[in-house]
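Please keep the sequence and the structure in view while reading.

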Amino acid sequence: MDEHEVLTTLKILIIGESGVGKSSLLLRFTDDTFDPEQAATIGVDFKVKTLQVDGNKAKLAIWDTAGQERFRTLTPSYYRGAQGVILVYDVTSKASFNKLEQWLNELETFSTKHDLIKMLVGNKIDNERREVSKEEGLKFARKHHMLFIEASAKTKEGVQCAFEELVEKIIQTPGLWETDTQGRRITGQDSNGGQGAACGGYCSVI
């Protein structure tokens with residue numbers, strides 16, 4: 001395989017309550033920017049970014065949706081065909097954490113790929129006014145077979161790692177994407193020269 005060839009295109013969703021920082025995480029990952037006055041998303045935002053994980057290049061089509069109820073009419077088409085989802089809560093908001101079950105229920109209802117990979121992200125760890133402990137987040141992630149990481153879109157901490165870990169897990173689950181890429185080879189898991197260790201392996205709880 002040509003090292004510059006894109007192995008596959010993946011559809012990634014970002015879901016969670018309004019105000020938890022979904023758009024901020026996306027913009028930090030795709031553009032490396034942060035706007036403390038980030039306006040609420042209306043409808044759906046969409047970004048494309050190419051990411052190299054373990055020597056495999058994947059093109060990510062990342063969908064960021066509004067968390068408010070009044071925009072929920074777009075739900076079924078939004079979830080269709082997604083291989084990965086990032087479920088976000090705000091560590092300073094117990095209410096946003098308590099709504100995670102509802103988001104998972106919606107995901108179960110509308111997603112068309114039932115082996116899709118889920119990553120739970122506790123955002124805003126730069127804020128000391130914490131209402132949800134890391135242990136609570138980890139426990140929830142384990143219960144629902146999700147990857148888990150805490151992050152801060154403001155300071156960058158954990159953001160790149162969240163997307164990289166999610167994509168790595170998807171690529172390791174060929175049934176999620178290989179039907180679109182018959183005949184292509186996945187390069188060896190060791191080909192990144194160990195750079196994945198930057199994440200410290202602390203998200204892998206599936």
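At what angle do the axes of helix α1 and helix α6 cross, and within what distance do they come? In this predicted model, the axes of α1 (residues 22-31) and α6 (residues 159-171) cross at roughly 85 degrees and come within 9 Å. Because angles from 65 to 115 degrees count as roughly perpendicular, α1 is described as roughly perpendicular to α6.

**Contact between α1 and α6**
- On the α1 side the contact is made by L25, R28 and F29, while α6 contributes V159, Q160 and F163.
- By residue type, the contact of α1 with α6 divides into four nonpolar residues, one polar and one charged.

**Surroundings of α1**
- Nine of the ten residues of α1 are buried, so the helix is largely enclosed by the rest of the structure.
- The buried residues are K22, S23, S24, L25, L26, L27, R28, F29 and T30, and the buried residues of α1 pack against the strands β1 (6-16), β2 (44-53), β3 (56-65), β4 (84-90) and β5 as well as against α6.
- α1 is followed by D32, which has a positive phi near 55 degrees.

**Strands β5 and β6**
- Strand β5 (residues 117-123) pairs with β6 in the parallel sense over four bridges, and L120 stands opposite F148 in β6.
- From β5 the chain crosses through helix α5 (residues 134-143) to β6, and this β-α-β crossover is right-handed.
- In a regular strand, side chains alternate between the two faces of the sheet.
- In β6 (residues 147-150), L147 and I149 point one way, F148 and E150 point the other way, and all are buried.

Terms used: Residues numbered from 1 in each chain as written. Predicted model: local features only at pLDDT ≥ 70, side-chain atom pairs only at ≥ 80, totals over all residues. Heavy atoms only, no water. Axes fitted to C-alpha atoms, helices over the stretch in contact; angles between N-to-C directions. Helix = DSSP H or I, 4+ residues; strand = E, 2+ residues; numbered from the N terminus. Parallel < 35°, antiparallel > 145°, perpendicular 65-115°, else oblique. Contact = heavy atoms within 4.5 Å. Nonpolar A, V, L, I, M, F, W, Y, C, P; charged D, E, K, R; others polar. Buried < 20%, exposed > 50% of the residue type's maximum accessible area, 1.4 Å probe, protein only. Pairing = 2+ DSSP bridges. Right-handed = clockwise from strand over helix to strand, strands pointing away.
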